[in-house]
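Welcome, and thanks for taking a look at this one with us. Please open the viewer, and then read on for a short tour by topic.

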Amino acid sequence: MSPRGDLEQIKLMAFQKAGSAACRMEAVEWAQVGCRRRARTISGRIGGSGVFFILKKYYFISGEASGDLHGSKVISHLNKLEVNSTFRGFGGDKMAQEGMELVKHYKDLAFMGFYEVLKNINTIRKNFTLVKDDILLYKPDTIVLIDYPGFNMEMAKFAKKNSIKVVYY
């Protein structure tokens with residue numbers, strides 16, 4: 001990675017020990033422009049105890065209650081493994097309780113039966129556009145697709161086209 005790496009991936013998230021505010025601010029600024037080496041050097045002035053976390057962004061798409069349950073468990077485990085990761089996407093109340101920023105609730109996505117799908121085809125198209133635009137703005141490292149194959153297979157194609165890692169759960 002170049003000294004001015006990807007601004008979205010390189011973030012200075014926390015320090016274990018407090019140092020001078022000026023050093024912390026300078027280290028944060030260097031980390032935000034992607035110069036990890038300079039940020040670590042500055043944090044070393046604080047006592048060598050700077051903790052750098054690379055922020056991982058996950059985008060979840062779940063279209064039903066069972067997916068909400070499974071997604072909430074995945075988010076819960078990821079929160080334990082990757083302290084400062086962020087989660088955003090389509091899901092339900094359980095995923096939101098685990099810390100996911102809810103873009104749209106699965107109840108607004110579920111259409112059962114041929115007539116219901118035809119009746120709501122414009123809504124479904126709007127949801128495709130909404131999620132694609134939101135993914136491009138959020139720039140996730142990984143998209144986690146949970147069940148909901150009719151919608152999620154299209155999202156997997158979109159993610160592949162945009163070089164975003166996909167996990168189908």
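A charge is taken to sit over a ring when NZ of Lys or CZ of Arg is within 6 Å of the ring centre and within 35 degrees of the ring normal. By that rule, Lys57 has its charged end over the ring of Tyr138, 5.0 Å from the ring's centre. Please keep in mind that this is a predicted model.

**Overall build**
- The chain contains 7 helices and 7 strands, and starting at the N terminus its elements follow the order β-α-α-β-β-α-β-α-β-α-α-β-α-β.
- Of the 169 residues in the chain, 38% are buried.
- Among contacts with a separation of 6 or more, 57% join residues 24 or more positions apart.

**Nonpolar cores**
- The largest nonpolar core has 18 residues, and Tyr59, Ile61, Val131, Ile135 and Phe151 have the most contacts inside it.
- Two or more residues of this core come from each of β3 (57-62), α6 (121-138), β6 (142-146) and α7 (149-161), with α6 giving the largest share, 5 residues.
- Beyond its neighbours within four places in sequence, Phe151 is in contact with Ile61, Phe90, Asn127, Phe128 and Val131.
- Another core, of 9 residues, lies apart from the largest one, and its members include Phe60, Leu78, Phe87 and Met100.

**Aromatic rings**
- The structure has 6 aromatic pairs.
- One aromatic cluster is formed by Phe90, Phe128, Tyr148 and Phe151.

**Salt bridges**
- The count of salt bridges is 3.
- Glu101 pairs with Arg88, with the closest N and O atoms 2.4 Å apart; because Glu101 lies in strand β5 (residues 101-105) and Arg88 in strand β4 (residues 86-91), this bridge ties together parts that are 13 residues apart in sequence.
- Arg88 also forms a salt bridge with Asp134, where the closest N and O atoms are 2.6 Å apart; Asp134 belongs to helix α6 and Arg88 to strand β4, so the pair links parts 46 residues apart in sequence.
- Arg88 is buried at 16% relative accessible area and Asp134 is buried at 9%, whereas Glu101 is partly exposed at 46%.
- Lys157 and Glu154 form a salt bridge with their closest N and O atoms 3.4 Å apart, and both lie in helix α7, 3 residues apart, about one turn of the helix.
- Lys157 is exposed at 53% relative accessibility, while Glu154 is partly exposed at 35%.
- Through shared partners, salt bridges join Arg88, Glu101 and Asp134 into one network.

Note on methods:
Residues numbered from 1 in each chain as written. Predicted model: local features only at pLDDT ≥ 70, side-chain atom pairs only at ≥ 80, totals over all residues. Heavy atoms only, no water. Phe/Tyr/Trp six-rings, centres within 6.5 Å; stacked < 30°, edge-to-face > 60°. Helix = DSSP H or I, 4+ residues; strand = E, 2+ residues; numbered from the N terminus. Buried < 20%, exposed > 50% of the residue type's maximum accessible area, 1.4 Å probe, protein only. Contact = heavy atoms within 4.5 Å. Core = buried A, V, L, I, M, F, W, Y, C linked by side-chain atoms within 4.5 Å. Salt bridge = Lys/Arg side-chain N within 4 Å of Asp/Glu carboxyl O.
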